[in-house]
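Here is a short briefing to read alongside the model.

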Amino acid sequence: MGGRVGQRYDRRMYLLVVAGIGGIVVAALAGTWLLWSGTSYFLALVCLAGVVLIAGALVGLMQATNRQVALFFDAVRNDDFSQRYPETAAGSFAARLYVDMNRITGLFAANRHELEEKRLYYESIIRVLTHEMRNSITPISSLSADLLAHADEASVAKRKKDCRLFIRRRRTCRLSSTRITASPTCPTLNRRW
């Protein structure tokens with residue numbers, strides 16, 4: 001059915017353009033014959049005016065339709081679905097085209113509204129989940145911070161004690177033939193003397 005509608009639009013516009021071009025050709029030929037035969041210069045001038053009027057009407061029709069179609073595509077490109085097109089336009093081609101453009105714009109607007117509702121729904125779910133995760137993680141992070149603070153105090157004291165012990169052992173080992181080469185808890189003393 002979509003192909004038939006497109007053919008109907010094409011046929012109406014095609015017939016309108018062919019009739020306009022045919023009118024231009026007939027008026028031009030009649031005006032030319034009237035001028036060459038010298039029958040009536042006034043009627044030749046009327047034929048010339050007819051050619052200009054028909055051409056102007058065709059150009060005006062095409063510009064009006066093209067302007068509305070360009071506005072439609074600009075609105076779609078810019079996500080502006082508030083644009084409405086006159087459904088009572090002159091000519092059934094333009095009226096039907098505008099009815100379909102309004103229908104398409106309405107569908108886009110409904111789709112955009114639905115997507116916006118889904119986005120808001122998912123944002124609220126994410127907000128609730130984030131809140132619940134933070135509530136679950138807060139006690140854990142608080143306890144781990146306390147453990148790290150106490151662990152650091154204990155490990156610093158233990159390292160100092162180990163370093164002192166290592167220095168004593170190293171001094172006593174220099175006097176003997178035994179060598180101590182590394183300390184697992186005192187990395188600053190792990191260098192060659």
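Glu-116 is partly exposed, because its relative accessible area of 34% falls between the 20% and 50% cut-offs. In this predicted model, Glu-116 belongs to a network of salt bridges that also links Arg-119 and Glu-123.

**Salt bridges**

- Four salt bridges are counted in total.
- Arg-119 pairs with Glu-116, and their closest N and O atoms are 2.4 Å apart.
- These two residues sit three residues apart in helix 3, so about one helical turn separates them.
- Arg-119 also meets the side chain of Glu-123 in a salt bridge, again with 2.4 Å from N to O.
- Glu-123 and Arg-119 are four residues apart in helix 3, so here too the separation is about one helical turn.
- Arg-119 is partly exposed at 39% relative accessible area, and Glu-123 is partly exposed at 34%.
- In helix 2, Asp-74 and Arg-77 lie three residues apart, about one turn of the helix, and their side chains form a salt bridge at 2.6 Å, N to O.
- Asp-74 is partly exposed at 34% relative accessibility, whereas Arg-77 is exposed, with a relative accessible area of 59%.

**The nonpolar core**

- Which residues make up the largest nonpolar core? The seven are Phe-72, Ala-75, Tyr-85, Ala-94, Leu-97, Tyr-98 and Met-101.
- Helix 2 (41–77) and helix 3 (92–175) each contribute at least two residues to this core.
- Helix 3 supplies the largest share of the core, with four residues.

**Phe-72 and its surroundings**

- Two aromatic pairs are counted in the model.
- One of them joins Phe-72 and Phe-73: the ring centres are 5.3 Å apart and the planes stand at 65°, so the pair is edge-to-face.
- Thr-105 is buried, because its relative accessible area of 3% is under the 20% cut-off.

- Ser-40 is in the loop between helix 1 (2–37) and helix 2.
- At 17% relative accessibility, Ser-40 counts as buried.
- A polar atom of the Ser-40 side chain lies 3.1 Å from the backbone nitrogen of Leu-43.
- Ala-28, in helix 1, is partly exposed with a relative accessible area of 34%.
- The C-alpha atoms of Ala-28 and Cys-47 are separated by 6.5 Å, although the two residues are 19 apart along the chain.

**The chain as a whole**

- Read from the N terminus, the elements run α-α-α.
- Of the 193 residues in the chain, 17% are buried.
- Among contacts with a separation of 6 or more, 45% involve residues 24 or more positions apart.

Methods. Residues are numbered from 1 along each chain as its sequence is written. This is a predicted model: local features need pLDDT of at least 70, side-chain atom pairs count only at pLDDT 80 or more; totals for chains, interfaces and linings use all residues. Side-chain values use heavy atoms; hydrogens and water are left out. A nonpolar core is a set of buried Ala, Val, Leu, Ile, Met, Phe, Trp, Tyr and Cys residues joined through side-chain atoms within 4.5 Å. Buried means under 20% relative accessible area, exposed over 50%, partly exposed in between (1.4 Å probe, protein chains only). Contact means heavy atoms within 4.5 Å. A polar contact is a pair of N or O atoms within 3.5 Å; within protein, one must be able to donate a hydrogen and the other to accept it, and residues adjacent in sequence count only if both atoms are side-chain atoms. Rings of Phe, Tyr and Trp (its six-membered ring) pair if their centres lie within 6.5 Å; planes under 30 degrees apart count as stacked, over 60 as edge-to-face and the rest as tilted.
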